[in-house]
Amino acid sequence: MTLRHALVFLALATGCKQAPAGPPLGDGTPDDQACAARDNNSESRLVECIRQAPLWNHMIAFQQIADANPGPDGHASRNAGEPGYLASVNYVAALLRTAGYLVTIQPYTLVYSVFASSPSFSVVSPTPATFALNQDFRASSRSGSGDITAVVQRVGGIIVPATPTPTSASGCNAADYSTFVAGRIALVQRGTCTYPIKIQLAQDAGAAAVIVFNEGNPGRTAADATCSPPAGTTIPVVCLASYAVGVNLYNQSLGGSATVHLKFATINDPARLDYNLIADAPNGDPNHVVVVDAHLDAIFGAGMLDNASGSATILEIALKLARTPTRSQLRYIWFGGEELGLLGSFHYMQSLSPTELSKIVFDVDADVTATPNYVIAIADPANSGNASTFPPSVLTASQLGNNYFVSYFQSAALPYQRRSNDGTDSYAFATYGVPNTGILTGQDCCKSAQDVALFGGTVGNYEGNLGTSDGGFVDRPFLWGDNLGNNDPQVLTKVSKAVASVVFKLANDASINSSSGAGTVARPALVAGDRAIRYDACRPVWDGHSHQLSGRTSCQ
(Lines give C-alpha, C1' and ligand atoms only; values in the text may rest on other atoms or scores of the structure.)
Protein backbone atom coordinates (compact mmCIF):
# COMPACT_ATOMS: atom_id res chain seq x y z
CA MET A 1 0.00 0.00 0.00
CA THR A 2 1.44 3.41 -0.92
CA LEU A 3 1.65 6.21 1.63
CA ARG A 4 -1.04 8.13 -0.19
CA HIS A 5 -3.38 5.13 -0.23
CA ALA A 6 -2.64 4.46 3.41
CA LEU A 7 -3.57 8.01 4.35
CA VAL A 8 -6.78 7.83 2.34
CA PHE A 9 -7.64 4.57 4.11
CA LEU A 10 -6.93 6.09 7.52
CA ALA A 11 -9.00 9.14 6.71
CA LEU A 12 -11.99 7.09 5.63
CA ALA A 13 -11.67 4.71 8.55
CA THR A 14 -11.73 7.49 11.13
CA GLY A 15 -14.02 9.97 9.46
CA CYS A 16 -11.26 12.50 8.72
CA LYS A 17 -12.05 14.56 5.66
CA GLN A 18 -9.49 14.23 2.90
CA ALA A 19 -8.72 17.20 0.68
CA PRO A 20 -9.85 16.86 -2.93
CA ALA A 21 -7.36 15.49 -5.40
CA GLY A 22 -5.51 17.71 -7.84
CA PRO A 23 -7.05 18.78 -11.13
CA PRO A 24 -7.25 16.18 -13.89
CA LEU A 25 -4.61 15.92 -16.57
CA GLY A 26 -5.27 17.96 -19.66
CA ASP A 27 -6.19 21.28 -18.08
CA GLY A 28 -2.64 22.61 -18.26
CA THR A 29 -1.95 22.10 -14.55
CA PRO A 30 0.24 19.20 -13.44
CA ASP A 31 -1.30 16.68 -11.09
CA ASP A 32 0.26 15.91 -7.70
CA GLN A 33 2.28 12.98 -9.00
CA ALA A 34 3.78 15.04 -11.81
CA CYS A 35 4.59 17.84 -9.38
CA ALA A 36 6.49 15.44 -7.17
CA ALA A 37 8.47 13.99 -10.06
CA ARG A 38 9.54 17.13 -11.88
CA ASP A 39 12.20 19.77 -11.37
CA ASN A 40 10.32 22.78 -9.99
CA ASN A 41 13.05 25.13 -11.15
CA SER A 42 11.16 28.40 -11.07
CA GLU A 43 9.10 30.18 -8.48
CA SER A 44 5.93 29.80 -10.54
CA ARG A 45 6.48 26.06 -11.10
CA LEU A 46 7.02 25.50 -7.40
CA VAL A 47 4.07 27.61 -6.25
CA GLU A 48 1.84 25.87 -8.79
CA CYS A 49 2.75 22.52 -7.23
CA ILE A 50 1.99 23.43 -3.62
CA ARG A 51 -1.41 21.79 -3.59
CA GLN A 52 -4.19 21.33 -1.09
CA ALA A 53 -4.49 17.55 -1.37
CA PRO A 54 -0.95 16.57 -0.32
CA LEU A 55 -0.85 19.31 2.31
CA TRP A 56 -4.06 18.04 3.84
CA ASN A 57 -2.89 14.45 3.67
CA HIS A 58 0.06 15.41 5.89
CA MET A 59 -2.41 16.95 8.28
CA ILE A 60 -4.46 13.75 8.30
CA ALA A 61 -1.30 11.79 9.06
CA PHE A 62 -0.40 14.05 12.00
CA GLN A 63 -3.93 13.70 13.40
CA GLN A 64 -3.73 9.93 13.08
CA ILE A 65 -0.39 9.96 14.91
CA ALA A 66 -1.90 12.00 17.76
CA ASP A 67 -4.92 9.71 18.00
CA ALA A 68 -2.72 6.61 18.08
CA ASN A 69 -0.46 8.03 20.80
CA PRO A 70 -2.54 9.46 23.65
CA GLY A 71 -0.72 11.29 26.42
CA PRO A 72 -0.87 10.37 30.11
CA ASP A 73 -4.21 12.16 30.36
CA GLY A 74 -5.70 9.84 27.73
CA HIS A 75 -6.13 12.50 25.05
CA ALA A 76 -4.63 12.53 21.56
CA SER A 77 -1.18 14.05 21.83
CA ARG A 78 1.90 15.12 19.93
CA ASN A 79 3.38 16.94 22.93
CA ALA A 80 7.14 17.24 23.27
CA GLY A 81 8.69 14.35 25.12
CA GLU A 82 5.83 11.97 24.34
CA PRO A 83 5.44 9.07 21.89
CA GLY A 84 3.21 11.09 19.55
CA TYR A 85 5.95 13.63 19.04
CA LEU A 86 8.55 10.97 18.23
CA ALA A 87 6.09 9.31 15.83
CA SER A 88 5.69 12.69 14.10
CA VAL A 89 9.47 12.94 13.77
CA ASN A 90 9.61 9.46 12.26
CA TYR A 91 6.80 10.25 9.80
CA VAL A 92 8.57 13.32 8.46
CA ALA A 93 11.99 11.64 8.46
CA ALA A 94 10.77 8.69 6.40
CA LEU A 95 9.35 10.91 3.67
CA LEU A 96 12.47 13.06 3.52
CA ARG A 97 14.87 10.13 3.36
CA THR A 98 12.87 8.65 0.50
CA ALA A 99 13.04 12.00 -1.28
CA GLY A 100 16.85 12.04 -1.05
CA TYR A 101 17.49 14.34 1.91
CA LEU A 102 20.27 13.78 4.41
CA VAL A 103 18.29 13.41 7.63
CA THR A 104 19.74 13.97 11.10
CA ILE A 105 17.74 13.46 14.29
CA GLN A 106 19.29 15.59 17.02
CA PRO A 107 18.48 14.53 20.60
CA TYR A 108 18.39 16.82 23.63
CA THR A 109 16.66 16.79 27.00
CA LEU A 110 13.94 18.98 28.43
CA VAL A 111 11.98 19.34 31.64
CA TYR A 112 8.78 17.38 31.06
CA SER A 113 5.68 17.98 33.14
CA VAL A 114 2.09 17.00 32.50
CA PHE A 115 -1.18 16.34 34.28
CA ALA A 116 -2.19 12.67 34.26
CA SER A 117 -5.78 13.81 34.80
CA SER A 118 -7.57 17.12 35.07
CA PRO A 119 -7.04 18.86 38.41
CA SER A 120 -10.10 19.42 40.59
CA PHE A 121 -10.79 22.14 43.17
CA SER A 122 -13.85 22.38 45.42
CA VAL A 123 -15.08 23.65 48.78
CA VAL A 124 -16.30 20.86 51.05
CA SER A 125 -17.65 23.03 53.87
CA PRO A 126 -19.22 25.13 55.23
CA THR A 127 -20.79 26.10 51.87
CA PRO A 128 -19.92 23.53 49.19
CA ALA A 129 -18.84 24.79 45.78
CA THR A 130 -17.07 23.27 42.80
CA PHE A 131 -14.80 25.49 40.74
CA ALA A 132 -14.40 25.16 36.98
CA LEU A 133 -10.95 24.62 35.49
CA ASN A 134 -9.89 27.45 33.14
CA GLN A 135 -12.91 29.55 34.12
CA ASP A 136 -12.46 29.78 37.90
CA PHE A 137 -8.87 28.64 38.27
CA ARG A 138 -5.77 27.53 36.42
CA ALA A 139 -3.03 25.16 37.45
CA SER A 140 0.51 24.29 36.42
CA SER A 141 1.72 20.73 35.92
CA ARG A 142 4.99 21.88 37.47
CA SER A 143 3.27 21.66 40.86
CA GLY A 144 3.23 18.55 43.01
CA SER A 145 0.61 15.82 43.18
CA GLY A 146 -1.86 15.22 45.96
CA ASP A 147 -5.41 14.26 46.90
CA ILE A 148 -5.90 16.66 49.79
CA THR A 149 -8.82 17.69 51.97
CA ALA A 150 -7.76 20.34 54.46
CA VAL A 151 -8.68 23.60 56.13
CA VAL A 152 -7.85 26.83 54.30
CA GLN A 153 -5.84 29.41 56.24
CA ARG A 154 -5.41 32.99 55.13
CA VAL A 155 -1.84 34.25 55.12
CA GLY A 156 -0.85 37.79 55.96
CA GLY A 157 -1.26 40.71 53.58
CA ILE A 158 -4.57 39.85 51.90
CA ILE A 159 -6.60 42.95 51.02
CA VAL A 160 -10.36 42.39 50.69
CA PRO A 161 -12.15 44.30 49.33
CA ALA A 162 -9.65 45.21 46.66
CA THR A 163 -8.26 48.70 46.36
CA PRO A 164 -8.48 50.67 43.08
CA THR A 165 -4.82 49.93 42.31
CA PRO A 166 -2.60 46.93 43.13
CA THR A 167 -1.41 47.11 46.75
CA SER A 168 -1.37 43.56 48.12
CA ALA A 169 1.94 42.09 49.31
CA SER A 170 0.29 38.90 50.55
CA GLY A 171 2.62 35.96 51.13
CA CYS A 172 5.77 37.82 50.15
CA ASN A 173 7.54 37.53 53.52
CA ALA A 174 8.08 34.71 56.00
CA ALA A 175 6.30 36.87 58.60
CA ASP A 176 3.07 36.42 56.61
CA TYR A 177 3.19 32.74 57.61
CA SER A 178 4.14 33.30 61.26
CA THR A 179 0.85 31.83 62.57
CA PHE A 180 0.37 29.32 59.77
CA VAL A 181 -0.58 25.80 60.88
CA ALA A 182 1.31 23.09 59.02
CA GLY A 183 -0.92 20.77 57.01
CA ARG A 184 -3.42 23.46 56.06
CA ILE A 185 -3.93 24.98 52.61
CA ALA A 186 -2.45 28.46 52.28
CA LEU A 187 -4.68 31.14 50.74
CA VAL A 188 -2.48 33.83 49.18
CA GLN A 189 -3.32 36.91 47.15
CA ARG A 190 -1.52 37.95 43.98
CA GLY A 191 0.61 41.09 44.21
CA THR A 192 4.02 42.73 44.66
CA CYS A 193 6.36 39.72 44.68
CA THR A 194 6.56 36.84 42.25
CA TYR A 195 4.52 33.66 42.32
CA PRO A 196 7.59 31.46 43.00
CA ILE A 197 8.37 33.45 46.16
CA LYS A 198 4.83 33.04 47.48
CA ILE A 199 4.72 29.34 46.65
CA GLN A 200 8.13 28.59 48.15
CA LEU A 201 7.31 30.40 51.39
CA ALA A 202 4.01 28.53 51.66
CA GLN A 203 5.73 25.19 51.16
CA ASP A 204 8.44 26.13 53.68
CA ALA A 205 5.70 26.93 56.21
CA GLY A 206 4.35 23.40 55.92
CA ALA A 207 1.35 24.09 53.68
CA ALA A 208 -0.28 21.00 52.20
CA ALA A 209 -1.18 23.10 49.13
CA VAL A 210 -1.37 26.74 48.12
CA ILE A 211 -4.09 28.74 46.40
CA VAL A 212 -3.05 32.05 44.83
CA PHE A 213 -6.00 34.22 43.81
CA ASN A 214 -6.10 37.38 41.73
CA GLU A 215 -5.85 40.76 43.36
CA GLY A 216 -9.23 42.19 42.37
CA ASN A 217 -8.14 45.53 40.95
CA PRO A 218 -9.41 46.50 37.48
CA GLY A 219 -7.82 44.12 34.99
CA ARG A 220 -6.75 41.73 37.76
CA THR A 221 -9.91 39.79 38.55
CA ALA A 222 -10.02 36.75 36.24
CA ALA A 223 -8.26 33.40 36.39
CA ASP A 224 -6.18 34.59 33.46
CA ALA A 225 -2.67 33.26 34.15
CA THR A 226 -0.84 30.04 34.86
CA CYS A 227 2.07 30.57 37.20
CA SER A 228 5.42 28.81 37.31
CA PRO A 229 6.02 27.03 40.62
CA PRO A 230 9.70 27.00 41.58
CA ALA A 231 11.82 23.91 41.04
CA GLY A 232 11.33 21.46 43.87
CA THR A 233 7.67 22.26 44.46
CA THR A 234 6.02 19.15 45.89
CA ILE A 235 2.58 20.46 46.87
CA PRO A 236 -0.43 21.17 44.64
CA VAL A 237 -0.59 24.79 43.49
CA VAL A 238 -3.77 26.52 42.33
CA CYS A 239 -2.55 29.47 40.34
CA LEU A 240 -4.25 31.57 39.34
CA ALA A 241 -7.73 31.49 40.93
CA SER A 242 -10.10 34.32 40.16
CA TYR A 243 -10.68 37.11 42.65
CA ALA A 244 -14.24 35.85 43.12
CA VAL A 245 -12.99 32.41 44.13
CA GLY A 246 -10.48 33.95 46.51
CA VAL A 247 -13.12 36.14 48.15
CA ASN A 248 -15.43 33.12 48.47
CA LEU A 249 -12.75 31.22 50.41
CA TYR A 250 -11.73 34.32 52.37
CA ASN A 251 -15.27 35.01 53.53
CA GLN A 252 -15.98 31.37 54.42
CA SER A 253 -12.78 31.20 56.45
CA LEU A 254 -13.85 34.30 58.42
CA GLY A 255 -16.87 32.41 59.72
CA GLY A 256 -14.85 29.48 60.99
CA SER A 257 -12.99 26.80 59.08
CA ALA A 258 -13.37 26.51 55.33
CA THR A 259 -12.40 23.03 54.11
CA VAL A 260 -11.20 22.54 50.56
CA HIS A 261 -10.57 19.44 48.45
CA LEU A 262 -7.79 19.50 45.84
CA LYS A 263 -6.86 16.60 43.58
CA PHE A 264 -3.76 17.00 41.41
CA ALA A 265 -2.00 14.19 39.55
CA THR A 266 1.18 15.40 37.87
CA ILE A 267 4.12 13.68 36.18
CA ASN A 268 7.48 15.45 36.21
CA ASP A 269 10.69 14.33 34.50
CA PRO A 270 13.64 16.74 34.71
CA ALA A 271 15.50 15.14 31.77
CA ARG A 272 13.01 13.84 29.20
CA LEU A 273 14.51 12.98 25.81
CA ASP A 274 13.28 15.05 22.86
CA TYR A 275 14.38 15.63 19.28
CA ASN A 276 15.02 18.10 16.47
CA LEU A 277 14.73 16.79 12.91
CA ILE A 278 17.22 18.27 10.43
CA ALA A 279 17.08 17.56 6.68
CA ASP A 280 19.77 18.87 4.32
CA ALA A 281 18.99 19.09 0.62
CA PRO A 282 21.26 17.03 -1.66
CA ASN A 283 22.17 20.10 -3.69
CA GLY A 284 23.10 23.75 -3.24
CA ASP A 285 26.17 25.35 -1.70
CA PRO A 286 26.69 23.79 1.77
CA ASN A 287 28.69 26.87 2.78
CA HIS A 288 25.65 29.02 2.05
CA VAL A 289 22.61 27.63 3.88
CA VAL A 290 19.01 28.87 4.00
CA VAL A 291 17.13 27.27 6.90
CA VAL A 292 13.40 26.66 6.62
CA ASP A 293 11.89 25.75 9.98
CA ALA A 294 8.70 24.94 11.83
CA HIS A 295 8.11 23.49 15.25
CA LEU A 296 6.74 19.97 15.18
CA ASP A 297 5.68 19.72 18.82
CA ALA A 298 2.26 20.40 20.23
CA ILE A 299 1.06 21.34 23.68
CA PHE A 300 -2.17 20.25 25.36
CA GLY A 301 -3.10 17.74 22.66
CA ALA A 302 -2.84 17.02 18.98
CA GLY A 303 -1.55 20.49 18.08
CA MET A 304 -2.94 20.41 14.56
CA LEU A 305 -3.08 24.16 14.02
CA ASP A 306 -0.13 24.84 16.28
CA ASN A 307 1.89 23.52 14.64
CA ALA A 308 1.11 20.54 12.44
CA SER A 309 0.01 23.16 9.91
CA GLY A 310 3.41 24.87 9.69
CA SER A 311 5.13 21.49 9.76
CA ALA A 312 3.00 20.33 6.81
CA THR A 313 3.77 23.56 4.96
CA ILE A 314 7.53 23.15 5.03
CA LEU A 315 7.36 19.38 4.52
CA GLU A 316 5.45 19.79 1.29
CA ILE A 317 7.84 22.50 0.10
CA ALA A 318 10.80 20.21 0.84
CA LEU A 319 9.23 17.35 -1.09
CA LYS A 320 8.44 19.53 -4.08
CA LEU A 321 11.99 20.95 -4.14
CA ALA A 322 13.74 17.61 -3.65
CA ARG A 323 14.65 17.40 -7.35
CA THR A 324 15.43 21.09 -7.77
CA PRO A 325 18.98 22.49 -7.55
CA THR A 326 19.22 25.81 -5.72
CA ARG A 327 22.07 28.29 -5.29
CA SER A 328 22.14 27.96 -1.48
CA GLN A 329 21.66 24.65 0.23
CA LEU A 330 18.26 24.35 1.83
CA ARG A 331 18.13 22.96 5.34
CA TYR A 332 14.72 22.10 6.73
CA ILE A 333 14.39 21.80 10.51
CA TRP A 334 11.44 20.60 12.55
CA PHE A 335 12.09 21.77 16.11
CA GLY A 336 10.91 20.19 19.33
CA GLY A 337 10.17 21.98 22.58
CA GLU A 338 9.03 25.22 20.97
CA GLU A 339 5.91 25.27 23.12
CA LEU A 340 8.07 24.94 26.22
CA GLY A 341 10.15 28.04 25.51
CA LEU A 342 11.94 27.59 22.14
CA LEU A 343 13.99 24.77 23.63
CA GLY A 344 14.76 22.88 20.43
CA SER A 345 15.79 25.90 18.40
CA PHE A 346 18.04 27.28 21.11
CA HIS A 347 19.60 23.84 21.57
CA TYR A 348 20.29 23.68 17.85
CA MET A 349 21.82 27.14 17.73
CA GLN A 350 23.98 26.42 20.76
CA SER A 351 25.20 23.19 19.16
CA LEU A 352 26.67 25.00 16.14
CA SER A 353 30.33 25.86 15.97
CA PRO A 354 31.15 29.44 14.90
CA THR A 355 32.04 28.12 11.44
CA GLU A 356 28.79 26.17 11.11
CA LEU A 357 26.78 29.15 12.29
CA SER A 358 28.47 31.48 9.80
CA LYS A 359 27.24 29.31 6.93
CA ILE A 360 23.57 29.98 7.75
CA VAL A 361 22.58 33.03 5.72
CA PHE A 362 18.83 33.20 6.37
CA ASP A 363 15.98 31.54 8.26
CA VAL A 364 12.31 31.24 7.29
CA ASP A 365 9.83 30.16 9.98
CA ALA A 366 6.30 28.77 9.53
CA ASP A 367 4.39 28.90 12.81
CA VAL A 368 0.65 28.29 12.30
CA THR A 369 -0.47 28.43 8.68
CA ALA A 370 -4.11 27.26 8.56
CA THR A 371 -6.18 29.37 10.97
CA PRO A 372 -9.88 29.49 10.01
CA ASN A 373 -10.38 32.94 11.55
CA TYR A 374 -7.03 34.02 10.16
CA VAL A 375 -4.71 36.93 9.77
CA ILE A 376 -1.66 36.96 7.52
CA ALA A 377 1.25 38.22 9.58
CA ILE A 378 4.88 38.51 8.53
CA ALA A 379 7.11 37.73 11.51
CA ASP A 380 9.56 40.62 11.57
CA PRO A 381 12.39 40.68 14.16
CA ALA A 382 12.31 44.49 14.02
CA ASN A 383 9.00 44.30 15.90
CA SER A 384 10.37 42.09 18.65
CA GLY A 385 10.13 43.30 22.20
CA ASN A 386 13.85 42.48 22.44
CA ALA A 387 14.90 43.82 19.05
CA SER A 388 17.54 46.03 20.65
CA THR A 389 19.33 42.95 21.97
CA PHE A 390 19.80 41.32 18.55
CA PRO A 391 23.13 41.76 16.73
CA PRO A 392 22.80 45.04 14.81
CA SER A 393 22.86 43.56 11.31
CA VAL A 394 19.83 41.31 11.87
CA LEU A 395 17.03 43.85 11.60
CA THR A 396 18.22 45.35 8.33
CA ALA A 397 19.23 42.07 6.69
CA SER A 398 15.91 40.45 7.61
CA GLN A 399 13.99 42.89 5.46
CA LEU A 400 15.00 40.96 2.36
CA GLY A 401 12.85 38.02 3.38
CA ASN A 402 10.08 40.22 4.73
CA ASN A 403 9.94 42.11 1.45
CA TYR A 404 9.73 38.86 -0.51
CA PHE A 405 6.60 38.05 1.48
CA VAL A 406 5.25 41.55 0.84
CA SER A 407 5.90 41.19 -2.88
CA TYR A 408 4.09 37.87 -3.01
CA PHE A 409 1.07 39.09 -1.05
CA GLN A 410 0.79 42.23 -3.14
CA SER A 411 0.96 40.27 -6.40
CA ALA A 412 -1.67 37.85 -5.08
CA ALA A 413 -3.87 40.75 -3.86
CA LEU A 414 -3.74 39.42 -0.30
CA PRO A 415 -3.77 41.68 2.77
CA TYR A 416 -0.97 41.29 5.29
CA GLN A 417 0.48 42.70 8.50
CA ARG A 418 3.94 42.87 10.03
CA ARG A 419 4.19 41.48 13.55
CA SER A 420 6.89 40.28 15.89
CA ASN A 421 8.91 37.08 15.68
CA ASP A 422 8.71 36.69 19.46
CA GLY A 423 7.60 33.24 20.51
CA THR A 424 8.66 31.67 17.20
CA ASP A 425 11.80 29.66 16.55
CA SER A 426 13.12 32.42 14.31
CA TYR A 427 13.67 34.39 17.52
CA ALA A 428 16.51 32.00 18.35
CA PHE A 429 18.09 32.66 14.96
CA ALA A 430 17.79 36.42 15.44
CA THR A 431 19.47 36.12 18.84
CA TYR A 432 22.44 34.45 17.15
CA GLY A 433 22.69 37.01 14.37
CA VAL A 434 20.92 35.17 11.55
CA PRO A 435 18.52 37.26 9.42
CA ASN A 436 15.03 35.81 9.47
CA THR A 437 11.44 36.13 8.43
CA GLY A 438 8.35 34.04 8.93
CA ILE A 439 4.62 33.71 8.63
CA LEU A 440 1.77 33.35 11.11
CA THR A 441 -1.97 33.12 10.61
CA GLY A 442 -2.78 33.70 14.27
CA GLN A 443 -5.05 31.95 16.71
CA ASP A 444 -8.68 31.47 15.90
CA CYS A 445 -9.74 33.25 19.07
CA CYS A 446 -7.84 36.50 19.14
CA LYS A 447 -8.71 38.92 16.36
CA SER A 448 -9.23 42.61 16.95
CA ALA A 449 -11.69 44.78 15.08
CA GLN A 450 -8.76 46.13 13.08
CA ASP A 451 -7.80 42.58 12.08
CA VAL A 452 -11.35 41.87 10.97
CA ALA A 453 -11.45 45.03 8.88
CA LEU A 454 -8.35 43.83 7.01
CA PHE A 455 -8.90 40.07 6.79
CA GLY A 456 -12.60 39.50 7.48
CA GLY A 457 -13.72 36.89 9.97
CA THR A 458 -14.90 37.70 13.47
CA VAL A 459 -13.71 39.67 16.46
CA GLY A 460 -12.81 37.50 19.40
CA ASN A 461 -10.52 36.94 22.34
CA TYR A 462 -10.73 34.00 24.70
CA GLU A 463 -10.32 36.29 27.69
CA GLY A 464 -13.67 37.81 26.74
CA ASN A 465 -12.74 41.47 26.36
CA LEU A 466 -13.08 41.68 22.57
CA GLY A 467 -16.41 39.98 22.07
CA THR A 468 -17.41 36.39 21.55
CA SER A 469 -15.85 33.61 19.51
CA ASP A 470 -15.32 29.87 19.64
CA GLY A 471 -13.00 30.41 22.60
CA GLY A 472 -9.87 29.25 20.84
CA PHE A 473 -8.00 26.04 21.49
CA VAL A 474 -4.37 26.90 20.85
CA ASP A 475 -2.03 26.91 23.88
CA ARG A 476 -4.91 26.48 26.31
CA PRO A 477 -4.82 23.53 28.71
CA PHE A 478 -7.57 20.97 29.24
CA LEU A 479 -9.53 21.77 26.07
CA TRP A 480 -7.94 19.27 23.63
CA GLY A 481 -9.63 20.93 20.68
CA ASP A 482 -6.72 21.71 18.39
CA ASN A 483 -7.58 18.89 16.03
CA LEU A 484 -7.92 18.61 12.27
CA GLY A 485 -11.20 20.51 12.27
CA ASN A 486 -9.44 23.51 13.83
CA ASN A 487 -7.75 24.15 10.47
CA ASP A 488 -8.85 25.55 7.13
CA PRO A 489 -7.34 23.67 4.15
CA GLN A 490 -7.79 26.66 1.84
CA VAL A 491 -5.92 28.98 4.19
CA LEU A 492 -3.23 26.31 4.57
CA THR A 493 -2.79 26.11 0.81
CA LYS A 494 -2.80 29.87 0.24
CA VAL A 495 -0.21 30.54 2.93
CA SER A 496 1.96 27.55 2.00
CA LYS A 497 2.23 28.89 -1.53
CA ALA A 498 3.49 32.19 -0.11
CA VAL A 499 6.12 30.40 1.99
CA ALA A 500 7.19 28.38 -1.05
CA SER A 501 7.66 31.56 -3.07
CA VAL A 502 9.84 33.15 -0.39
CA VAL A 503 11.90 29.99 0.15
CA PHE A 504 12.61 29.69 -3.58
CA LYS A 505 13.65 33.32 -3.89
CA LEU A 506 15.92 33.26 -0.84
CA ALA A 507 17.51 29.97 -1.89
CA ASN A 508 18.47 31.48 -5.24
CA ASP A 509 19.27 35.06 -4.24
CA ALA A 510 22.89 35.81 -5.15
CA SER A 511 22.89 38.97 -3.05
CA ILE A 512 22.76 37.12 0.29
CA ASN A 513 26.18 36.89 1.91
CA SER A 514 27.23 34.88 4.92
CA SER A 515 25.52 35.87 8.16
CA SER A 516 27.25 39.05 9.21
CA GLY A 517 27.10 39.41 12.96
CA ALA A 518 26.56 35.70 13.54
CA GLY A 519 28.73 34.14 16.16
CA THR A 520 28.80 32.25 19.41
CA VAL A 521 26.62 34.00 21.97
CA ALA A 522 25.10 32.99 25.27
CA ARG A 523 21.42 32.19 25.47
CA PRO A 524 19.72 35.30 26.84
CA ALA A 525 18.44 35.19 30.38
CA LEU A 526 14.98 36.23 29.22
CA VAL A 527 13.50 34.33 26.30
CA ALA A 528 10.47 36.18 24.99
CA GLY A 529 8.28 33.20 24.18
CA ASP A 530 4.52 33.35 24.15
CA ARG A 531 4.44 30.09 26.10
CA ALA A 532 7.13 31.09 28.57
CA ILE A 533 4.62 31.45 31.40
CA ARG A 534 5.07 27.74 32.17
CA TYR A 535 8.68 27.93 33.23
CA ASP A 536 10.73 29.11 36.13
CA ALA A 537 12.45 32.24 34.79
CA CYS A 538 10.48 35.47 35.00
CA ARG A 539 10.04 36.12 31.30
CA PRO A 540 7.89 38.54 29.33
CA VAL A 541 4.51 37.04 28.53
CA TRP A 542 3.34 37.47 24.95
CA ASP A 543 -0.29 37.50 23.95
CA GLY A 544 -0.43 34.24 22.03
CA HIS A 545 0.29 34.47 18.32
CA SER A 546 -0.86 38.07 18.22
CA HIS A 547 2.80 38.56 19.21
CA GLN A 548 2.23 41.59 21.34
CA LEU A 549 3.40 42.19 24.91
CA SER A 550 0.72 41.40 27.46
CA GLY A 551 2.24 43.74 30.02
CA ARG A 552 3.23 41.12 32.58
CA THR A 553 5.91 38.54 33.22
CA SER A 554 5.50 34.87 34.06
CA CYS A 555 6.19 35.52 37.73
CA GLN A 556 3.78 38.36 38.42
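**Aromatic pairs and charge–ring contacts**

Both Y101 and Y332 are buried in this predicted model. Their rings form an aromatic pair of the edge-to-face kind, with 5.7 Å from centre to centre and an angle of 85° between the planes. Y101 belongs to the loop between α5 (83-99) and β1 (102-115), whereas Y332 is part of strand β12 (residues 328-335); the pair therefore ties together parts that are 231 residues apart in sequence.

An edge-to-face arrangement is also found for F390 and Y427, whose ring centres are 5.4 Å apart and whose planes make an angle of 70°. F390 is located in the loop between β14 (377-380) and α11 (393-411), and Y427 in helix α12 (residues 426-431), so that this contact ties together parts 37 residues apart in sequence. F390 and Y427 are both buried.

Two centres within 6.5 Å of each other define a pair of Phe, Tyr or Trp rings, the six-membered ring being used for Trp. By this rule, the count for the model is 20 aromatic pairs. Ring pairs also join residues into a cluster, which links F115, F264, F478 and W480.

Contacts between charged side chains and aromatic rings were examined as well. R272 is placed over the face of Y112, at a distance of 3.8 Å from the ring centre. For R154, the charged end sits over the ring of Y250 and is 5.4 Å from the centre of that ring.

Definitions and conventions: Residues are numbered from 1 along each chain as its sequence is written. This is a predicted model: local features need pLDDT of at least 70, side-chain atom pairs count only at pLDDT 80 or more; totals for chains, interfaces and linings use all residues. Side-chain values use heavy atoms; hydrogens and water are left out. Rings of Phe, Tyr and Trp (its six-membered ring) pair if their centres lie within 6.5 Å; planes under 30 degrees apart count as stacked, over 60 as edge-to-face and the rest as tilted. Helices (H or I, at least four residues) and strands (E, at least two) are DSSP runs, numbered from the N terminus. Buried means under 20% relative accessible area, exposed over 50%, partly exposed in between (1.4 Å probe, protein chains only). A charge sits over a ring if NZ of Lys or CZ of Arg is within 6 Å of the ring centre and within 35 degrees of the ring normal.
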